[in-house]
Amino acid sequence: QVQLVESGGGLVQAGGSLRLSCAASGRTFRSYAMGWFRQAPGKEREFVVCISWSGGSTYYADSVKGRFTISRVNAKNTVYLQMNSLKPEDTAVYYCAAAPVVTTDYGGYNYWGQGTQVTVSS
């Protein structure tokens with residue numbers, strides 16, 4: 001019912017910035033909370049940030065707080081992740097996901113994008 005497609009990943013030097021986009025299909029986008037997760041090689045998938053369906057509530061992982069910003073434009077069926085002051089440890093595949101209610105739990109998300117690679121060089 002919901003299809004998510006991420007874009008905007010790439011290679012960037014430490015201290016640089018990237019903006020990821022997640023485009024959702026259909027007219028049900030407004031009903032879903034959205035989240036970003038990431039998975040580095042050899043590690044478990046990690047919560048990064050999420051936002052409620054209205055955009056009124058956000059939750060950030062401590063590792064990215066103050067550097068990353070999530071936003072959504074429901075009229076465009078799009079959620080964004082602005083990443084500033086990137087560090088090599090931010091290197092991972094980043095996934096966009098949709099949940100019926102805002103949550104930081106991996107299991108609460110019903111739909112996932114294909115992922116986009118972010119590589120930060122030192």
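# Close-up views of a predicted model

**View 1. Asp90 forms a salt bridge with Arg67, and the closest N and O atoms of the two are 2.8 Å apart.** The pair joins distant parts of the chain: Asp90 sits in the loop between β8 and β9, and Arg67 in the loop between β6 (58–60) and β7, 23 residues apart. The model shown here, as in every view below, is predicted. Is Asp90 buried or exposed? Asp90 has a relative accessibility of 1%, so it counts as buried. Arg67 has 10%, which also falls under the 20% limit, so Arg67 counts as buried.

**View 2. Arg38 forms a salt bridge with Asp90, with the closest N and O atoms 2.9 Å apart.** This pair, too, links distant parts of the chain, since Arg38 belongs to strand β4 and Asp90 to the loop between β8 and β9, 52 residues apart. The relative accessibility of Arg38 is 6%, so Arg38 is counted as buried.

**View 3. Glu46 forms a salt bridge with Arg38.** Their closest N and O atoms are 2.9 Å apart.

**View 4. Salt bridges link Arg38, Glu46, Arg67 and Asp90 in a network.** How many salt bridges are counted in the model? The count is three. One of them is the contact of Asp90 with Arg67; Arg38 takes part in a bridge with Asp90 and in a bridge with Glu46.

**View 5. Arg72, in strand β7, is buried but has no salt bridge.** Which side chain of opposite charge is nearest to Arg72? It is that of Glu6, at a distance of 14 Å. A salt bridge would need a nitrogen and a carboxyl oxygen within 4 Å.

**View 6. Cys22 and Cys96 form a disulfide, with their sulfur atoms 2.1 Å apart.** The torsion about the S-S bond is about -80 degrees, so this disulfide is left-handed. The bond links distant parts of the chain, with Cys22 in strand β3 and Cys96 in strand β9, 74 residues apart. Cys22 has a relative accessibility of 0% and therefore counts as buried. Cys96 also has a value of 0% and counts as buried. The model has a count of one disulfide.

**View 7. Cys50 is buried, with a relative accessible area of 0%.** The cut-off for a disulfide is 2.5 Å.

**View 8. The largest nonpolar core has 34 residues.** Those with the most contacts inside the core are Met34, Trp36, Met83 and Tyr94. Which elements give two or more residues to this core? They are β3 (18–24), β4 (33–39), β5 (46–51), β7 (68–73), β8 (78–83), β9 (92–99) and β11 (116–121). The strand that gives the most is β9, with six residues.

**View 9. The protein has eleven strands and zero helices.** From the N terminus on, the order of elements is β-β-β-β-β-β-β-β-β-β-β. The C-alpha atoms fill a box of roughly 40 × 25 × 25 Å along the principal axes. For 122 residues, a compact globule would have a radius of gyration near 14 Å; the value for this protein is 13 Å, which agrees. Of the 122 residues, 44% count as buried.

Definitions and conventions
Residues numbered from 1 in each chain as written. Predicted model: local features only at pLDDT ≥ 70, side-chain atom pairs only at ≥ 80, totals over all residues. Heavy atoms only, no water. Core = buried A, V, L, I, M, F, W, Y, C linked by side-chain atoms within 4.5 Å. Buried < 20%, exposed > 50% of the residue type's maximum accessible area, 1.4 Å probe, protein only. Helix = DSSP H or I, 4+ residues; strand = E, 2+ residues; numbered from the N terminus. Lys, Arg positive; Asp, Glu negative; His and termini not counted. Rg over C-alpha atoms; globule rule 2.2 N^0.38 Å.
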